[in-house]
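Have the model open while you read, and take the points one at a time.

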Amino acid sequence: MPELQWMVALLGALFGLMLGSFLNVVVHRMPKMMERQWAADYAEMQGTEPEAAEPFNLLLPRSRCPHCGHQIRWFENIPVVSYVFLRGKCSACKAPISVRYPAVEIATGGLFFFCLWHWGPTMTGLAWCGFAAALLTLALIDWDTTLLPDDITLPLLWAGLVASSLHWTGVPMFNALWGAVAGYLSLWLIYWAFKLLTGKEGMGYGDFKLFAALGAWFGWEALVPMILMASVIGAVIGIAMKFSSGLREGGYIPFGPFLAGAGLTAMVFGPESILHFVGL
């Protein structure tokens, strides 16, 4: 049985590596797809025709080098292996390829390995694989663009409730439902309190939906540990970036990546371990 468990986990890791390659595409293209849709919606509101453009989605056009336009061939797109073989450079123009691409592939593979090693080849293991992939994608998109797409946060929320109802997560449906409600309302109240006091927006609505999704996956009891961890780490990194002049224009950092990090920590170590991490 242990040998089979390791084999399943390794196969999951290989699939995670391949999926991680696709997640890189999602992280890069989904914000651009959203911007195109906003432009089309605006043009429709103005009663004008949107500008004609080539198809742009998660499948089309094929991946190209952003520097020279070289079309990535299949053997140049093998997770991690191609990066090593190409020595981190485009085969055509020799421009450097970001190390984040293989890092995302390795992270996805590692998370899938953990889920299938811990829960085995079960619906529970597969559910947590999907959870991990969604959180990793959201964290990267939010860090790059300060956007948390509804196309990911809302399915993640509903998936948590469905997984609870089917007993895949071990969280009672009552706890999952009220976890989603409490997750959304808690950040919504903080948002409005901050806005009324300062006249500024301290976070986006995507953060409410992401925290609601975490509540659905872990139950309402886990919300306090996760928000504490996200806040503490976010504050530490924010202060460090301020002193190193690494803050983006406006002097802020997105909160979503820290919520996602807290969610992944809760998945791996359990929500109760977070309280020990923050010293409570």
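1. Which helix gives the largest share of the lining of the second largest pocket? That share, 7 residues, comes from α8, which spans residues 223-243. Helices in this note are DSSP runs (H or I, at least four residues), numbered from the N terminus.

2. A word on the source before we go on. This is a predicted model, in which local features need pLDDT of at least 70 and side-chain atom pairs count only at pLDDT 80 or more, while totals for chains, interfaces and linings use all residues. Residues are numbered from 1 along each chain as its sequence is written, and side-chain values use heavy atoms, with hydrogens and water left out.

3. Back to the second largest pocket, which holds about 990 Å³ of space. Its lining has 34 residues, and E201, G202, M203, I253 and F255 lie nearest the centre. Besides α8, the elements that give two or more residues to this lining are α6 (173-198), α7 (205-218) and α9. Sorted by class, the lining residues are 19 nonpolar, 9 polar and 6 charged. (Ala, Val, Leu, Ile, Met, Phe, Trp, Tyr, Cys and Pro count as nonpolar, Asp, Glu, Lys and Arg as charged, and the others, Gly among them, as polar.) A pocket here is an open set of points on a 1 Å grid over the protein atoms alone, where a 1.4 Å probe fits, with protein on both sides within 12 Å along at least five of seven lines; lining residues have an atom within 4 Å of a point. The volume is the space filled by probe spheres set on the points, which are joined across faces, edges and corners.

4. Now please turn to the largest pocket, with about 1200 Å³ of space. It is lined by 45 residues, and those nearest its centre are V25, S63, I72, N77 and Y101. Two or more lining residues come from each of α1 (2-45), α2 (81-85), α3 and α4 (123-145). The largest share, 11 residues, belongs to α1. The classes here are 24 nonpolar, 11 polar and 10 charged.

5. How do α3 and α9 meet? Two packed helices are described by the angle between their axes and the distance between the axes. For α3 (residues 100-119) and α9 (residues 256-269), the axes come within 11 Å and cross at roughly 35°. (Axes are lines fitted to C-alpha atoms over the stretch in contact, and angles run from 0 to 180 degrees between N-to-C directions.) The crossing is left-handed, meaning that the near helix is turned anticlockwise from the far one by less than a right angle. L111, F114, C115 and W119 in α3 meet L264, M267 and V268 in α9, where contact means heavy atoms within 4.5 Å. The residues of this contact are 7 nonpolar, no polar and no charged.

6. Some backbone details deserve a look. Most residues other than glycine have a negative phi, and most peptide bonds are trans. A cis peptide bond joins L60 and P61, with omega about -5°, and P61 sits in the loop between α1 and α2. K94, not a glycine, has a positive phi of about 65° and lies in the loop between α2 and α3. T146, also not a glycine, has a positive phi of about 60° and lies in the loop between α4 and α5 (150-165).

7. (Buried means under 20% relative accessible area, exposed over 50%, and partly exposed in between, with a 1.4 Å probe and protein chains only.)

8. N175 is in helix α6 and is buried at 13%; leaving aside neighbours within four places in sequence, N175 is in contact with G215, G219, W220 and E221. A163, in helix α5, is buried at 2%, and beyond such neighbours A163 is in contact with W168, T169 and W217. A95, in the loop between α2 and α3, is buried at 12%; with the neighbours within four places again set aside, A95 is in contact with H67, G88, K89 and C90.
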